[in-house]
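Please read them with the structure open beside you.

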Amino acid sequence: LLTVMATSIVDDTPVSGTLLLLLLLCILLITTLCLANASHIPGPFFWAGLGPILSYSRFIWSGIGTACNYYNKRYGSMVRVWINGEETLILNQHYYFETLFITLLVSHFCCRSSAVYHVLKSAHYIARFASKQGLQCIGMDGRGIIFNSDIPLWKKVRTYFAKALTGPGLQRTVGICVSATDRHLERLQEMTDPTGHVDVLNLLRCIVVDISNKLFLRVPLNGQWQGVFNQVFRRLVSSKELQDVMESLIETKRRIISESETLDDDLDFTSELIFAQNHGELSADDVRQCVLEMVIAAPDTLSISLFFMLMLLKQNPEMEIRIVEEISTLIGEKDVMTVDFQNFRVLESFINESMRFHPVVDFTMRKALEDDVIDGTKISKGTNIILNIGLMHKTEFFPKPNEFSLENFDKTVPSRFFQPFGCGPRSCVGKHIAMMMMKAVLVTLLSRYSVCPRHGNTLSSIRQTNNLSQQPVEDEQSLAMRFIPRQMTTT
Ligand code: HEM
């Protein structure tokens, strides 16, 4: 239309027509640029400040995970909400076209990518966001790893975590997991109530705390410590009490180190941190917070994942048969320690499908450290971002996105569709060890017992909360399971 108007004017008066044409072209250019930069992110209305209050209330009232799912389902895969008065974007799988110019623009490809994957991989989003006051209360503000947004310090401590959770640490894991699981199963009677049921989440936590201690801390944990840890996971201990407990465990560790005659070649995580403190690399507070986060990371995520898996297994008996057959074929009469755990393909698909279908961690929080553009939307430095990976795992890429089915992992799943541990520079630093631990605990447990939830209990019938992670509400009824010995021989 603009061109037609301009052409008719140009025909009448050449000079003024050319000026008008230029003017119109400028308007066209400016309008195009404005449209390209305009942020039309859907989300609740501001409504004179009522919108932010309502949106924040929803997060407080229903929990972060549930609120994110609500907003993504209502407004689409990129939503703007307010948390604590701050604008926050919630992303789930969001495709956009990334243009790659290869070899001096000779070849030109367009490929589908996802906004979530872009944020995960990019170094622009390695900080997290959370309430500063909240983090200060629990000792995580600028300390430890999980919520530490002091980037130079975070980079330094992450190297200690990475060293402990990969390489030789990973090799020792299977042996430690198998023996800890066996040891707790030997004492199952002590945890069984008069009706023959075991509080299975409590059992799994005891096993995983034991494993974490043996891998990362290595101090004698008597029943008193186990009791304290149990209270920690039930959120019955204040963060101050927890820090005091940790302080005292680290003191014990310092004593053990100073009394030992030889220096261990294979230093554990806590010893490495204590030496770093002795060399002025880290403060005592850094050491305490890092050890605390390392020791509770696995019991908080892994025990609950395993609990969900045991529930799902009983709801899918044909899967249990396939897994038990696989265990029997791969282990048979062999010593479990000689078995390559990479070969448990069915078990691995089952673990992946469980994390996809009913994840314990279904979102992660990031902050933009630089300006960026995603799918034409300008992301300003400082923007808070929640990646709703739980919802992203329910996309049509999977043959049965809303069902629990091993078919979803029959084909190799490209990493942009499945990220239960995140990926990129700020991903779960324990992802490899977590997979190994889950396999080792499940193989040991399932080769000895068939585990049955109390009659009528299923994953959808038990009460759960979804605030920072998805967890069952801890009442004796829903967590109780019977352990029925299985006739299977492994050595
Ligand atoms: C971070 C999942 C087990 C240590 C994370 C994140 C996720 C996650 C989604 C955030 C990643 C991101 O922002 O991109 C899980 C799941 C687990 C598990 C599903 C088990 C089923 C573990 C274990 C450890 C661990 C066993 C250590 C022993 C950590 C740490 C971080 C983290 C330290 C923070 C990393 C950082 O901020 O640099 N995990 N995790 N996790 N995970 Fe895990």
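How do the residues of the shell around the ligand divide into nonpolar, polar and charged?

1. This is a predicted model, and the points below should be read with that in mind. The shell around the ligand divides into 18 nonpolar residues, six polar and three charged.

2. Around the ligand there are 27 residues, of which Ala298, Thr364, Gly422, Cys428 and Gly430 come nearest. Three helices, α7 (151-165), α14 and α18 (431-448), each supply at least two residues of this shell, and the largest share, seven residues, comes from α14.

3. The largest nonpolar core has 80 residues, and those with the most contacts inside it are Val200, Val291 and Met437.

4. Leaving aside residues up to four places away in sequence, Val200 touches Phe307, Leu310, Val451, Leu479 and Met481. Apart from the core that holds Val200 lies another core, of 29 residues, with Tyr117, Val119, Ile386 and Leu387 among them.

5. Helix α3 (residues 50-62) has 13 residues, and from its first C-alpha to its last it reaches 18 Å, which is close to the 18 Å expected at 1.5 Å a residue. Following α3 is Gly63, whose phi is positive, near 95 degrees.

Methods. Residues numbered from 1 in each chain as written. Predicted model: local features only at pLDDT ≥ 70, side-chain atom pairs only at ≥ 80, totals over all residues. Core = buried A, V, L, I, M, F, W, Y, C linked by C-beta atoms within 7 Å. Buried ≥ 20, exposed ≤ 12 C-beta atoms within 10 Å, placed from the backbone. Contact = placed C-beta atoms within 7 Å. Near = placed C-beta within 6 Å. Helix = DSSP H or I, 4+ residues; strand = E, 2+ residues; numbered from the N terminus. Nonpolar A, V, L, I, M, F, W, Y, C, P; charged D, E, K, R; others polar. Expected span 1.5 Å × (residues − 1).
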